Structures are given as C-alpha cells and as structure tokens.
Amino acid sequence: MTKLLYFLLTITLFQQLGYVISRREQVITPPLPVLPLPSYSQLKWQQRELIMFVHFGVNTFTDSEWGTGKENPAIFNPVGFDANQWISAAMDAGVSLVILTAKHHDGFCLWPSKYTDHSVKLSPWKNGTGDVVEEFVNAAKARGVDVGLYLSPWDRHDKRYGNDLQYNEYYLAQMQELLARYGNLREIWFDGAKGSNAPNMSYYFSEWFAMAKELQSSINIFSDAGPDVRWVGNENGSAGSTCWSTINRTSLSIGNGSIVDYLNTGDPEGTNWLPAECDVSIRTGWFWHISESPKKLSNLLEIYYNSVGRNCVMLLNVPPNSTGLISDIDVQRLREFRKAINTIFSENLADKCTIEASSQRGGKDGGFGPENALDTDHLWTYWAPGDDKNEGHWIRINAQDQKGLKFNVIRIQEAIGLGQRIKEHVVYVDGKLVAKGSTVGYKKLHRLENGVEYGHVVKIKVTKSRAPPLISSIGLHFDPYWHPNDGQ
Ligand code: FUL
C-alpha cells in the first residue's frame with residue numbers, strides 16, 4: 001500500500017515538474033543579434049539625438065574662424081561670462097550633452113594648463129585666475145547636463161608643433177589634464193583639420209585613444225574615423241539618405257577628404273559599429289561674429305530631419321559672444337526649435353489606432369507583437385516577425401475613427417541594440433505608395449513630399465534587410481511647420 005502511495009506521489013511530483021518546465025519553455029527568447037553591435041556608451045549617445053557644441057576662445061574677440069596662434073591673450077576678456085547661461089540655453093533646447101572647445105587651432109587654452117602660458121592665465125579675465133572649462137563643467141553638472149571637450153590636434157601657436165615626438169607628448173599631457181581634472185566627460189572631439197604650418201606632422205592617434213579610454217572608460221571618442229563616433233563627412237548637418245551606423249574602420253583615416261561620401265552613408269557590410277554625428281552651426285561661422293545671425297527655424301528643422309531623422313545625432317553649435325554669453329537671439333531660436341520638435345512629436349496619432357503585422361515571433365502570446373512598436377520603450381521592446389526571411393514583412397496601422405488620420409511625418413525606429421538590419425522599406429497609405437526609403441536605424445523620419453495625408457490604413461513594408469527586421473517604434477505625426485510647396 002505504502003509502495004503504491006509513494007509511486008503515486010512520485011508520479012504527481014514529476015507531472016507538476018513537467019508542467020512547470022513546459023510552461024517555462026513557452027517563454028519565447030529574443031532573437032539573436034546581428035553584429036556589429038553598439039557599445040553601452042554609443043547607445044546612450046544615440047538616444048540624446050540633439051547635442052550642443054560651444055565654440056569660444058580668442059576668435060570670439062578677433063572676428064575670425066581660424067586664429068593665427070599669434071593672438072595676444074590680453075584680448076580674451078569676456079566680462080559678462082556666465083556658464084550657467086550657456087547651460088540654461090542648452091536645457092531650453094532639450095540638450096543633454098554640451099561640448100566645449102577647450103583649445104581650438106590657435107592653441108589658446110580655456111583652462112590654465114601647466115604646459116603652456118598661452119591660456120586664460122595670461123588674460124585679464126578674472127586677473128588670470130579664471131578657468132572656463134571648470135566653470136562650464138560645474139554649471140553643467142549642477143543642472144544634470146553632461147559635458148564633452150574639443151581639444152584641437154592642430155596647434156598654430158605651440159613651437160613643438162611640427163616635431164612629432166615633442167608635440168604628441170605635449171598634446172597627451174594636455175589631454176591628461178582635461179580628462180583627469182574635470183570629472184566625467186562623455187565625449188572627446190578630435191578634429192581632423194590640419195593646416196600648412198606643419199603638413200607632415202603625424203598624430204599618435206593610437207596612443208591618444210588608448211589614454212582617453214584608460215582615463216575615462218565610458219567616454220565616446222569622436223574623430224573622422226571614430227573609434228566610437230564618426231564624422232558625417234560635411235559640416236552642414238546632413239547625413240546620407242542611406243545611413244548605416246556600421247562601417248569598416250580599416251577603410252578610414254583621419255583628415256582624408258576622399259572618404260567623405262563613405263562617411264556620409266556608412267556601409268551595410270561594415271564590421272564596426274561607428275554611428276555618425278552631424279556637426280553644424282546655428283550661424284554661418286563656428287565662432288561668434290557680430291555680423292551673423294542664427295538660422296531660421298525652418299532651416300534648423302530641415303537639418304533635424306536630415307540628421308536625427310537619418311539615424312544620426314545632431315551636434316548644433318551655438319557660439320557665445322564676446323561678453324561671454326549666448327546672444328538672446330540664439331537663445332530665442334533654441335527655444336523655438338525645441339518647441340517645434342515637441343509640437344511635432346509629442347503626439348503620436350498611431351496611439352489611437354490598432355496595429356497588426358504579417359507575423360510575429362512566437363505567435364500571438366510570444367511577446368514580440370506589433371503593439372511593442374507603440375509603447376514608450378524605443379530600444380528593448382519591439383515587433384519581431386515570425387520567420388527568418390529577410391524580405392516582405394510588414395506592419396499595419398488602422399485608424400479607428402471614420403475621419404481617418406491627418407499626418408505628414410512617419411517615424412520608424414529599429415531595435416538597434418540587436419544590430420542595424422533594414423536595407424529597404426516602403427510606406428503605403430490606403431494602398432498608395434507615399435514614401436520609399438533605405439536604412440532606418442535608430443530613427444528614420446519621412447517628411448511626406450506631398451504634404452498632409454488623410455489616411456485610414458498605413459502599411460510599412462520592409463522589402464530588404466540583413467536579418468529579420470525588429471521595429472521598436474512607429475509614429476504618425478503632424479508637422480505644422482512643413483509646407484513642401486513653399487519651396488522650403
Ligand atoms: C573644423 C574646424 O576647422 C572648425 O573651425 C570647427 O571647429 C569645426 C567643428 O571643425 O574642422
């Protein structure tokens with residue numbers, strides 16, 4: 001009898017265990033990533049979307065763009081300098097990272113470097129006791145804004161420039177000062193520009209990059225060729241309409257004009273994750289000039305669509321004036337810019353719609369349904385199709401009210417944490433083709449050429465991809481500033 005009882009008990013236990021195991025087995029795992037992948041810091045950078053550049057130095061006082069290196073430090077005297085005002089302007093623009101030119105090509109240092117006197121030390125500003133970098137960093141940190149620094153490799157002042165060993169040691173010494181003294185930096189900018197005062201000067205990039213990572217492991221290194229962020233290949237803020245975050249670093253070199261097209265589009269076969277940053281100035285020049293004024297809002301929006309809307313980060317330069325403040329007119333424009341972005345994107349008309357897809361990974365309850373493209377997570381929840389074909393998958397949004405939807409912008413985002421995949425896609429509204437595109441990446445914005453669409457059914461079809469597409473977010477938006485027929 002007891003034997004029978006034991007037997008029955010054991011069977012029940014096994015049955016229960018089997019039930020638990022089989023329930024466990026039903027949880028569908030995420031698909032494998034497609035290499036290369038972004039690093040943690042690159043993902044953080046990408047999500048910032050809009051960041052700010054600040055060009056400030058002796059050029060601010062001489063009405064020039066490239067200083068000669070012969071400027072007298074006595075000209076540097078920003079009597080109304082207030083880094084808090086810069087940071088407020090950045091925050092008004094919704095910017096979470098600001099990059100300052102600690103040293104531009106003229107060699108003048110905005111911090112009291114112990115390796116040169118050509119710095120704020122010899123200026124009348126605060127009787128030579130000031131430190132722009134320190135005040136900038138403190139103001140930003142106090143408001144939760146991240147910082148980065150630009151340290152120009154090209155130096156038109158220092159006598160060591162032209163002597164490879166001496167100058168590289170000098171440059172590294174300054175980099176160590178900046179990276180060790182001012183807390184966490186999120187980005188360091190290595191500019192590829194090199195002038196005629198020593199055209200054969202070699203920069204020891206490997207040593208520079210290794211030391212930068214040693215001193216700050218989460219820093220993103222920007223240069224024409226990365227290693228973390230690449231130049232987009234122009235200074236007008238415009239990425240290629242095809243823009244891969246992947247590229248082959250072995251095909252890149254710094255300061256090489258012949259690779260700008262490659263930088264602009266990236267490479268679907270690229271084995272390195274190296275997304276592009278689009279640097280552009282709010283004014284014509286990088287430094288402040290009394291004769292210049294900020295770009296119109298419509299220009300800034302155009303740049304936003306051509307950078308953020310093409311899988312890049314927009315690095316918008318806003319130069320402080322000779323008082324040491326960002327001019328009111330620029331502050332105003334930054335506010336308008338942010339207000340416009342919020343107006344366009346804060347409402348997603350697709351939120352009130354139903355959404356369906358050609359198939360979904362793991363079936364109806366697999367956790368990878370198209371509804372993931374309408375939640376607020378734009379990275380780690382996503383729609384994944386149900387098979388491993390690289391073409392033909394689609395997702396469809398259906399309006400619920402009879403009137404249909406009024407929109408002129410379509411936003412598509414890939415779950416780039418698992419690799420950039422989409423090569424070609426098309427968008428139909430009520431069966432009519434309204435947009436065609438290639439890459440998507442972190443964010444693709446289609447501003448509809450024919451203006452507003454009133455539609456009931458919006459279908460996004462991925463016609464070609466490197467692996468099954470993973471879509472993390474979709475938006476249908478109305479941009480009241482977009483008037484394609486006005487020749488904007
Ligand atoms: C260029 C420099 O020559 C400009 O002066 C500016 O700093 C721009 C961001 O990069 O290469």
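Where do Phe205 and Trp208 lie, and how many residues apart are they? Both lie in helix H7 (residues 205-215), three residues apart, which is about one turn of the helix. Helices here are DSSP runs of H or I with at least four residues, numbered from the N terminus.

A quick word on the model itself. This is a predicted model, in which local features need pLDDT of at least 70 and side-chain atom pairs count only at pLDDT 80 or more, while totals for chains, interfaces and linings use all residues. Residues are numbered from 1 along each chain as its sequence is written, and side-chain values use heavy atoms, leaving out hydrogens and water.

**Aromatic pairs**

A pair of aromatic rings is described by the distance of the centres and the angle of the planes. Rings of Phe, Tyr and Trp (its six-membered ring) pair if their centres lie within 6.5 Å; planes under 30 degrees apart count as stacked, over 60 as edge-to-face and the rest as tilted. By this rule there are 33 aromatic pairs. Two of them are set out here.

| Pair | Centre distance | Plane angle | Class |
|---|---|---|---|
| Phe61 and Phe76 | 5.3 Å | 65° | edge-to-face |
| Phe205 and Trp208 | 5.2 Å | 70° | edge-to-face |

Phe61 belongs to helix H3 (residues 59-62) and Phe76 to the loop between H3 and helix H4 (83-92), so their pairing ties together parts that are 15 residues apart in sequence. For accessibility, buried means under 20% relative accessible area, exposed over 50%, and partly exposed in between (1.4 Å probe, protein chains only). Phe61 is partly exposed at 23%, whereas Phe76 is buried at 0%.

**Charges over rings**

A charge sits over a ring if NZ of Lys or CZ of Arg is within 6 Å of the ring centre and within 35 degrees of the ring normal. The charged end of Arg160 sits over the ring of Tyr170, 4.0 Å from its centre. Likewise, the charged end of Lys443 sits over the ring of Phe345, at 5.9 Å from the centre.

**Where H4 meets H5**

Residues of H4, namely Ala83, Asn84, Trp86 and Ile87, meet Val132, Glu135, Phe136, Ala139 and Ala140 in H5, where contact means heavy atoms within 4.5 Å.

Definitions and conventions. Helices (H or I, at least four residues) and strands (E, at least two) are DSSP runs, numbered from the N terminus.
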